[in-house]
Amino acid sequence: MADQHRADVMGCSGNPCVKTPNLDSLAQSGMRFDSAFSPMPLCVPARSMLLTGRYGHKTGVNRNPDYLPEHFIRFPQFLNEKGFYTEAIGKMHFRPARNHNGFQRMQLMEEIAEYRQDDEYMKFLNENGFGDIYAPHGLRSENYLKPQKSQVPEEFHGTTWVADRTIEFLKKNKNRKFFCWSSFIEPHPPFQLPEEYLNMYSPDDVPSPAKGKDEPDSIYMGGINATHRQFAENLPEEEVQLMRAQYYACVSHLDYHIGRILDSLDELGLGENTIVIYLSDHGEYLGDHGLWGKGACFYDSALKIPFIIRWPGKTVPGTVSGQYVSLLDFFPTLMGMIGYEGDKSEYPGMNLAEHIKNSDSSIERDFIFGELYENQYMALCPDWKYNYYVSGAFEELYDRKNDPGEINNLAGIAKYANIKQHLRETLLDWLGKEKISAALEGNSFKQKVMPQRSTTRMVQPPIWQNNEIKRDNNRAC
């Protein structure tokens, strides 16, 4: 699992610039879903959705600080019951951090580890003489989106560490049934890389951001992304391209280490009896519509994710599925793969196992629905996307076939009024069935006055000014 890997930055998805030979090879040996979406494109909500197979309005996880209640069953618990040994390696973004969520073992590498003893990667750095490095995953605040050289050599980089621990896991557990969740921070910012990757791509070679003539001010209201935007607003085009080039290099760096894991599977004789799944929690705006990060709204840059499955003996190698699938489908599909028969009515996602085995079988799905921050809601179908913002009562309608960059908002054009009304009613119907009161006022959408956009620049003080952290030698930084 990657963090913030947008679907179109892979060679196998048609990007002629980026070098991802190992992900391309994985796609060639399995099935790649060309239209996979994260219905809650924000880290913790997306991961809670993956764990439980449920929307955030069911679990209460709508924002990154939210805690996932204990009474919801996590998929590792089903795997444990079926005799699989389960382990999580890397960035989990669980709340609280050390909650195992059903995994029998965890080796953590979080973006921001508060205490060293809670984070195996931070302990690893400390044991190898790098314990005094502040922000080994990159400097944040004003530097958050700017290209950075890694403060540790390649052999101690976080991506290397996750791959190394995964390979060790495979060697140790090759003779038993296992499930390993290897979760990388890359290509999530800060974009910090070993020296040999810093100039891998020329800013002139990577595509420019997609942006309409008059982007609506409502896209600032998404939440944390508004802060990210303050550090990248009104940048010269060459600086934007430099940041995009560094993101591409992060993807290629990640791809190299994914290749190491795949090679290890083959060397250990596990390649032919191990299911491999690659996905991301959400994408990255990367300057599209003037946005960076994720979670501001439902544009495809953050909504669409890579989703590749290699199921030896089941998938036809090199298959590309155009079926619309969701991160919610992961849970029931995994259960279908291991033959677990549970109460399917509890989960809104679909079991894709049969489609993976027979790509000619269609998936009976009319819409994918999305929610963010109890403020933004989406209804998505192959031809159209409708978004509603509670703050400002703002609507968006995009023609997915003829405007894939989502440049022209058609919501206010009379010619498309019937289409908009159909999608609006479809979304309202779903919200009503799901009893999402945060979005509804009677039988219609709730409306709130949009707050004024803050122009305050948020600057994190240098760590040496924080006396509490300076005193505590167990702090991760």
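The chain has 13 helices and 15 strands in its secondary structure. The model is predicted. Of its 477 residues, 58% are buried.

**Whole chain**
- Among contacts between residues at least 6 apart in sequence, 69% join residues at least 24 apart.

**Nonpolar cores**
- The largest nonpolar core holds 67 residues.
- Within this core, the residues that touch the most other members are Phe 33, Phe 75, Phe 103, Trp 181, Leu 427 and Leu 431.
- Another core, of 36 residues, lies apart from the largest one; among its members are Leu 23, Phe 156, Ala 163 and Tyr 278.

**Helices H5 and H6**
- Helix H5 spans residues 120-127 and helix H6 spans residues 158-173.
- Their axes come within 11 Å and cross at roughly 105°.
- Angles of 65 to 115 degrees count as roughly perpendicular, and H5 and H6 are therefore roughly perpendicular to each other.
- On the H5 side, the contact is made by Glu 120, Tyr 121 and Phe 124; on the H6 side, by Gly 158, Trp 161 and Arg 165.
- By class, the contact of H5 with H6 has three nonpolar, one polar and two charged residues.

Conventions
Residues numbered from 1 in each chain as written. Predicted model: local features only at pLDDT ≥ 70, side-chain atom pairs only at ≥ 80, totals over all residues. Heavy atoms only, no water. Axes fitted to C-alpha atoms, helices over the stretch in contact; angles between N-to-C directions. Helix = DSSP H or I, 4+ residues; strand = E, 2+ residues; numbered from the N terminus. Parallel < 35°, antiparallel > 145°, perpendicular 65-115°, else oblique. Contact = heavy atoms within 4.5 Å. Nonpolar A, V, L, I, M, F, W, Y, C, P; charged D, E, K, R; others polar. Core = buried A, V, L, I, M, F, W, Y, C linked by side-chain atoms within 4.5 Å. Buried < 20%, exposed > 50% of the residue type's maximum accessible area, 1.4 Å probe, protein only.
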